[in-house]
Amino acid sequence: MSEIKTYTVSIYTENNIGLLNRISAIFQRRKINIESLNTSISEIEGVSRFTIVINLTEERMKKIIGQLEKQVEVIKAFYHTDEETIFLETCLFKIKSDLLFEERQIQNIIKESSARIVTVNKEFFVLEKAGRRSEIELLYRELSAFGIMQFVRSGRISVTKDEMKISKMLAEFAE
Amino acid sequence: MDNTQTIKLQDTAVEATQRLTGKEAIIKCLLAEGVDTLYGYPGGAIMPVYDELYKYQDKLHHVLTRHEQGATHAAQGYARVSGRVGVAIATSGPGATNLITGIADAQIDSTPMVCITGQVASHLLGSDAFQETDIIGISTPVTKWNYQITKASEIPEVMAKAFYIAKSGRPGPVLIDITKDAQFEEFDFAYKKCTAVRSYKPVPKLNPEALQAAAEEINNAKKPMIVWGQGVILGKAEEEFKAVVEKSGVPAAWTILGVSAIPTDHPLNVGMVGMHGNYAPNLLTNECDVLIAIGMRFDDRVTGDLNTYAKQAKVIHFEIDPAEVNKNVTADIAVLGNSKETLAALLPLLEEKKHTEWLNRFKELYQVEFDKIIKDDITPEKEGLTMGEVLEGINKVSKGDAVIVSDVGQHQMIACRYAKFNQSKSNVTSGGLGTMGFALPAAIGAKMGAPERPVVAIIGDGGYQMTIQELGTIFQTKVPVKIVVLNNDFLGMVRQWQQLFFDRRYASTELINPDFVAIAKGYYIDAKRVSKREDLAGAIEEMLASDGPYFLEVTVEKEDNVFPMIPTGASVSDIRLE
């Protein structure tokens with residue numbers, strides 16, 4: 001059997017209630033864990049885009065794509081390896097404002113990690129960092145030592161190096 | 001959401017705009033889709049629609065089943081024999097959840113069905129209101145599509161889309177949930193049939209190169225074999241299929257849902273594949289050089305162990321659903337498309353052939369199976385009655401013209417193995433899901449879907465009691481179905497497995513049964529019990545000659561087994577004759 005890899009699945013869909021349930025059920029039924037999930041608008045008006053990260057063999061990946069595309073409201077589904085995509089995650093840290101002034105080290109960490117301060121007030125400041133999972137995890141470890149009031153990380157978002165010809169497909173339908 | 005985006009509208013409206021309530025609009029939609037019969041059960045959240053059904057009694061025949069599950073199976077039976085969309089209707093909450101087994105059955109057996117459920121008023125959604133369930137959430141994994149209507153204005157387009165999706169491409173069940181307030185709301189109604197949905201491609205484009213490659217493989221094959229499934233029937237491709245089989249001279253075997261696409265006694269029909277299928281096609285699956293799969297999905301009951309399934313053969317897969325290609329068996333050539341179209345295109349590319357020697361191999365192996373199993377099944381010499389001889393008795397009277405509706409278990413395998421079929425859409429059974437309790441309600445729908453044909457339900461004593469209350473539906477509608485219960489006082493198939501694989505530990509498989517004849521008579525249905533061979537033929541004749549519904553119980557041998565058998569996980573070529 002082929003090796004287990006990380007795949008980013010991009011699914012172009014209609015924007016309908018319940019579709020998330022239908023899509024996640026395809027993974028759940030096969031006991032495949034969704035590592036991360038993001039939904040957003042896409043480059044095409046009225047078309048939504050799911051970005052799902054999963055770990056499995058390519059053989060199974062292909063079958064999942066078949067099941068996804070079989071859904072009435074799925075326009076097209078693609079899968080890509082990390083090498084074939086530009087991807088990142090984004091995260092937010094909420095940290096006590098005192099630390100920013102009392103711990104010089106924090107300022108260095110922020111500078112080196114190219115994290116961005118979103119807001120500062122008397123009680124806390126919010127730090128935003130976008131990047132690879134490893135970069136975010138490094139920053140998390142470094143800041144943990146000082147205490148993190150809140151942390152959240154987004155699902156992966158990604159664009160592919162190759163073209164995904166959704167507009168062309170939709171144009172064909174309209175003809 | 002804006003549903004109008006997803007539908008490419010036709011220019012022709014069925015009717016000009018008129019002011020209607022949601023409940024009346026639903027009826028108008030059903031009529032516009034050509035629905036004449038629907039199966040269901042009323043209740044609070046669907047009562048407005050029932051109130052309209054009362055007004056439209058002359059145009060829409062509503063059959064009150066005795067349980068919502070019965071409504072779905074009846075709709076399935078209707079759909080399977082008529083090729084039309086079956087319709088079931090129920091209320092919210094338990095009414096809706098009771099549909100789920102039938103919906104799951106229709107999903108796995110690709111049966112076109114539209115289910116309509118009432119829902120609590122939209123302002124109560126999510127409040128745990130009386131009889132509220134999230135039927136959209138519950139039905140999502142077992143429907144081809146589902147949608148909740150909360151505004152009457154959504155009704156025409158959503159209903160049009162529901163019917164289009166249910167019947168197009170690979171058919172399947174669609175559930176439409178309608179809140180009670182949407183049923184009462186007034187709006188401007190106009191109906192346009194749906195002919196396309198932007199994100200949905202029901203029939204893939206035929207690839208001429210794949211077709212050419214397939215034809216070449218078939219023409220060059222020395223030992224080719226066809227395994228066809230329900231795709232031939234669903235694609236209405238029986239004529240094209242027969243022409244392909246006859247021109248190519250390729251022996252053709254069927255899956256349990258494919259049977260009857262060509263007559264049972266067609267010289268190139270070599271029988272059933274799968275766990276309790278015929279000896280020859282199973283054994284020779286692992287000997288053929290080209291395996292041509294047509295409208296079938298390589299179910300595990302068909303293939304047995306995939307690692308040893310037809311490894312020597314080139315596999316050509318004719319299929320409408322791209323997700324089925326390479327799902328279980330890797331295809332060397334996949335020809336996507338509707339079977340009617342692909343087979344018609346294949347025909348002129350085929351050379352006329354006769355594989356006499358190869359076909360003789362099937363005949364020889366059939367003889368082995370006949371001597372070892374079939375003879376004793378259909379013309380037994382032992383004292384106890386066999387299920388096989390009952391089927392043989394029915395064949396003699398029906399001459400293969402009856403629709404056979406079977407339940408699930410030993411009797412189902414016997415029915416599918418031995419029933420004779422002259423015409424398509426004659427075998428109605430729960431293939432993929434294996435739903436006990438399917439047959440009695442499905443037979444009601446089948447008889448209504450094909451009123452001119454005799455419909456015989458073959459049911460075991462176990463499955464019969466799962467939906468036995470539908471005798472009430474039969475009594476009330478007087479639908480002349482013939483019910484044959486093959487009673488061995490056991491859950492026979494499970495008992496067979498216990499005998500073979502669990503050292504005869506018959507855990508909870510013996511049934512202490514009631515007086516089935518008395519029960520049938522309690523519903524004023526003519527009924528008879530037969531336990532002696534000399535009475536069997538006469539009873540079958542009487543049953544099939546009767547004008548109304550008829551119940552026949554046949555007491556059969558308690559511990560008979562169905563053979564041949566491919567044990568779970570074994571190779572098709574390890575098929576056991578005993």
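Student: How many residues of chain A are in contact with how many residues of chain B?

Tutor: Before counting, note that this is a predicted model, in which local features need pLDDT of at least 70 and side-chain atom pairs count only at pLDDT 80 or more, while totals for chains, interfaces and linings use all residues. Residues are numbered from 1 along each chain as its sequence is written, and chains are lettered from A and ligands numbered from 1 in the order in which they are written. Two residues are in contact if their C-beta atoms, placed from the backbone, lie within 7 Å; by that criterion, 21 residues of chain A touch 18 residues of chain B.

Student: Which elements of chain A supply at least two residues each to the side that touches chain B?

Tutor: Helices (H or I, at least four residues) and strands (E, at least two) are DSSP runs, numbered from the N terminus. On the side of chain A that touches chain B, at least two residues each come from strand 1 (4–14), helix 1 (19–29), helix 2 (58–70), strand 4 (74–81) and helix 6 (166–174).

Student: What is the strand order of the open sheet of four strands in chain A?

Tutor: Strands of a sheet pair through backbone hydrogen bonds, either parallel or antiparallel. Here two strands are taken to pair if DSSP finds at least two bridges between them, and the order in chain A is 2-3-1-4, with antiparallel pairing. Strand 2 (36–41) and strand 4 of chain A are the edges, each pairing on one side only, and the twist from one strand to the next averages 20 degrees. Six bridges link strand 2 of chain A to strand 3 (residues 47–57) of chain A, and A:Ser36 has A:Val53 in strand 3 as its bridge partner.

Student: Which strands of chain A does helix 6 lie across?

Tutor: Axes are lines fitted to C-alpha atoms, for helices over the stretch in contact, and angles run from 0 to 180 degrees between N-to-C directions. Helix 6 of chain A lies across strand 1, strand 3 and strand 4 of chain A, and runs at about 160 degrees to strand 4 of chain A.

Student: Where in chain A is confidence lowest, and where is it highest?

Tutor: pLDDT is the predictor's confidence in each residue, from 0 to 100, and where it is low, the predicted coordinates should not be read in detail. Chain A averages 94, with 99% of the residues scoring at least 70; the lowest mean, 77, belongs to helix 6 of chain A, and the highest, 98, to strand 8 (residues 150–153) of chain A.

Student: What is the order of the open sheet of six strands in chain B?

Tutor: The order in chain B is 13-12-11-14-15-16, with parallel pairing, and strand 13 (269–272) and strand 16 (333–336) of chain B are the edge strands. Within chain B, strand 11 (residues 224–228) and strand 14 (residues 290–294) run parallel and are joined by five bridges, with B:Leu291 in strand 14 as the bridge partner of B:Met225. Helix 9 (residues 208–220) of chain B lies across strand 11, strand 14, strand 15 (314–319) and strand 16 of chain B, at about 125 degrees to strand 16 of chain B.
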